[in-house]
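User: Please take a close look at one part of this model, the sheet and the strands that pair in it. Then describe a helix packing as well.

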Amino acid sequence: MSVFLDNAATSFPKPDAVYQAMDAAMREIGVAPGRGGYRQSLAAARMVFEARSALARFFGVSDSSRLVFTHSATESINIAVFGLLKPGDHVVSTSVEHNALSRPLHLAAKRGAEVTFVASDACGMVSEQDIARAMRPNTKLVALAHCSNVTGAVQPIAEIARVARQGGALFLVDAAQSAGFFPIDVEQLGIDLLAAPGHKGLYGPPGTGILAVGPGITLEPLQVGGTGGSASNPEPPEQMPERLESGTINTPAIAGLKAGLDFIEATGLDVIRARETALVDQLLAGLSAIPGVRLYGPLQGERGAAVSFNVEGHDPAALGYLLDSEYDISVRVGLHCAPDVHRSIGSFPEGTVRVSPGFFNTESDIDFFIKALREIIS
């Protein structure tokens, strides 16, 4: 049997409606939105508007024009970081960030910003008290991931949002591992900038992402060009979302993303989360019963759907290879584009084996994985 257990990288399979929506957008619309006044172009613009409005409602964004389509959470983070920070600005982040955030922050530091990376505990958790202690009078931004792609650790973002607000800083959240798994209302939680991918928990295709930009925040565009409006002005437009959406957006992919969101809302976010949580609990119980297995991250309480482990005396890369080649089980091994996380939890430089079940996995998939792992290490 073929078992896909790398949903933290990208969810697979997608709901059938996602494939159907993308095919229909290519065959029945097939043109760019906002680039013409004829019916096909207006249909494309209407579809993008409906997707933008639905995503804004899902994330608690009251003004849908403040929700920007990007090609990834990485691009969203880059727009937020480089569109906001100036030399002399101070940023507070953590020692457990994905490269999608840590690399832009390191580059911002080279360009004159100051960055403080607050250390986590051994499980990858960061306290709001430590964030508060790292704040300075010139702190412009607090930026961190909601949920770790390595350990599944969930940071206390509501409490950290209050710390940022009290210190006069904006709050940027990387929701790559939490969007579509945890409920996120940016206005209730106090999130100023939310970056999320479309291809993970939202069940959209690769090449989709969003950036929610809070009221009153003006970002410098990461790129400029055609926007379908204000064509006579050499400067990028002031109005959103066009200011941050230069070039032709991927209309078929956005159609697929809208279908993925429709699936979540029809199924129920609580139903999806309960199923994935049950699979993670089954996975943790099975791994804990295997001698020599070391689990990373929180073993109890709230956590995401990524589970990392190592087995004493076994290289994680070799385990991943054997699971794939001998059992057709797909897992992720190594550093998971998050070396700082592994430094923080003590698994650097080899990394870990990461298993991340999704909604379309079954209890039988987890049983098969545990059986295969036992056979390999015995």
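Analyst: Two strands pair if DSSP finds at least two bridges between them. Strands (E, at least two residues) and helices (H or I, at least four residues) are DSSP runs, numbered from the N terminus. This is a predicted model, in which local features need pLDDT of at least 70, side-chain atom pairs count only at pLDDT 80 or more, and totals for chains, interfaces and linings use all residues. Residues are numbered from 1 along each chain as its sequence is written, and side-chain values use heavy atoms, with hydrogens and water left out.

E12 pairs with strand E13 (residues 352-355) in the antiparallel sense, over three bridges. Arg332 stands opposite Arg354 in E13. Strands of a sheet pair through backbone hydrogen bonds, either parallel or antiparallel. The open sheet here has four strands in the order E9-E10-E13-E12, with antiparallel pairing. Its edge strands are E9 (293-296) and E12 (332-334), each of which pairs on one side only. On average, neighbouring strands of this sheet are turned by 30 degrees against each other, direction ignored.

Now the helices. H10 (residues 316-327) packs with H12 (residues 363-377) at an angle of about 115 degrees, and their axes are 10 Å apart. Axes are lines fitted to C-alpha atoms, for helices over the stretch in contact, and angles run from 0 to 180 degrees between N-to-C directions. H10 is therefore roughly perpendicular to H12 (65 to 115 degrees; under 35 is roughly parallel, over 145 roughly antiparallel, the rest oblique). Contact means heavy atoms within 4.5 Å. Leu319, Leu322, Leu323 and Tyr327 of H10 make the contact with residues of H12 including Phe368, Phe369 and Glu375.
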